[in-house]
Amino acid sequence: KLGAVLHITDYGSLLPEFGSTLPIPGTEDRGITLFQLETLRLLIQLRSMSQGEDAKSVINGWYDTYDEAHAPLYLEELNLYQVSDWIIKPMTRGEQGPGERPLLPHEVGILQRPLLRPRGCSYVEAIATRPEDQLPSWFVSHAWIEPVVSFVKCLQEHCRLRHMAASTAFWICAYANNQWMLDEELPSNPHNTSFFRAMVACKG
């Protein structure tokens, strides 16, 4: 509307240099490394503005899509539902099909990526450069409602205590599953789900 400020999210720091997706057919093989999670956290942090020494940091241009009043989002509270809305889905959306809704304003970032897969892709496939680097060692089960920055800190401590490198990959459903094709990722037989296959493949 007239007088409104347009905020555009640049996902360039998250994407590989060649700007395309790397297909990893097995969802259980789509781990995300600690370094990739830290890069994601840094993107969010760089969009944030401190409101004072003891105040929360508001994220510029992002709002709660589940709130009719479009309440602001804060760095310290941002959860996976909101990261999915503002980062994962905009970055991994496929070509728009018949009857699909048009892009939301914050999803224009997908236009930065020249090669879109028709049915979308997972976040890991969007950022990966070599499939072997994404093979997960650890399966992580957690709640989407918890703050993402706190979640990353937990994994940092996990790696510190076990003397593991930032290249250690974790299987985390939000980043491994194609959020546009969850019906295929989650069939009725639990043994065929990406979750079960990932638990079998991981060592811890």
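What follows is a conversation about the terms used for this model and the values behind them.

Modeller: Happy to! This is a predicted model, where local features need pLDDT of at least 70, side-chain atom pairs count only at pLDDT 80 or more, and totals for chains, interfaces and linings use all residues. Residues are numbered from 1 along each chain as its sequence is written, and side-chain values use heavy atoms, with hydrogens and water left out.

Biologist: What makes up the protein in terms of helices and strands?

Modeller: There are seven helices and six strands. Starting at the N terminus, the order is β-α-β-β-β-α-α-β-α-β-α-α-α.

Biologist: Why are β2 and β3 called paired?

Modeller: Two strands pair if DSSP finds at least two bridges between them. Strand β2 (residues 48-50) and strand β3 (residues 57-63) share three bridges, in the antiparallel sense, so they qualify as paired. As one example, M49 has V58 of β3 as its bridge partner.

Biologist: And what joins β3 to β4?

Modeller: Two bridges do, with β4 (residues 72-74) running antiparallel to β3.

Biologist: Why is H70 called partly exposed?

Modeller: Buried means under 20% relative accessible area, exposed over 50%, and partly exposed in between, with a 1.4 Å probe and protein chains only. H70 has 43% relative accessibility, so it counts as partly exposed. H70 sits in the loop between β3 and β4, and its phi is near 55 degrees, a positive value in a residue other than glycine.

Biologist: Is H163 buried or exposed?

Modeller: H163 is exposed, because its relative accessible area is 74%. This residue lies in the loop between α4 (148-161) and β6 (169-171). H163 also has a positive phi, about 55 degrees, although it is not a glycine.

Biologist: How do you know that C159 and C173 are buried?

Modeller: C159 has 2% relative accessibility, so it counts as buried. C173 is at 12%, so it counts as buried too. Of the 204 residues of the protein, 45% count as buried.

Biologist: What lines the largest cavity?

Modeller: The lining consists of L80, H142, E146, P147, V148, F151 and Y175. A cavity is a set of points on a 1 Å grid over the protein atoms alone where a 1.4 Å probe fits but cannot get out, and lining residues have an atom within 4 Å of a point. The structure holds one cavity of 30 Å³ or more, and about 40 Å³ of space lies in the largest cavity.

Terms used: Helix = DSSP H or I, 4+ residues; strand = E, 2+ residues; numbered from the N terminus. 1 Å grid on protein atoms, 1.4 Å probe; cavity = no way out; pocket = protein on both sides within 12 Å on 5 of 7 lines; lining within 4 Å. Points joined across faces, edges and corners; volume = space filled by probe spheres on them.
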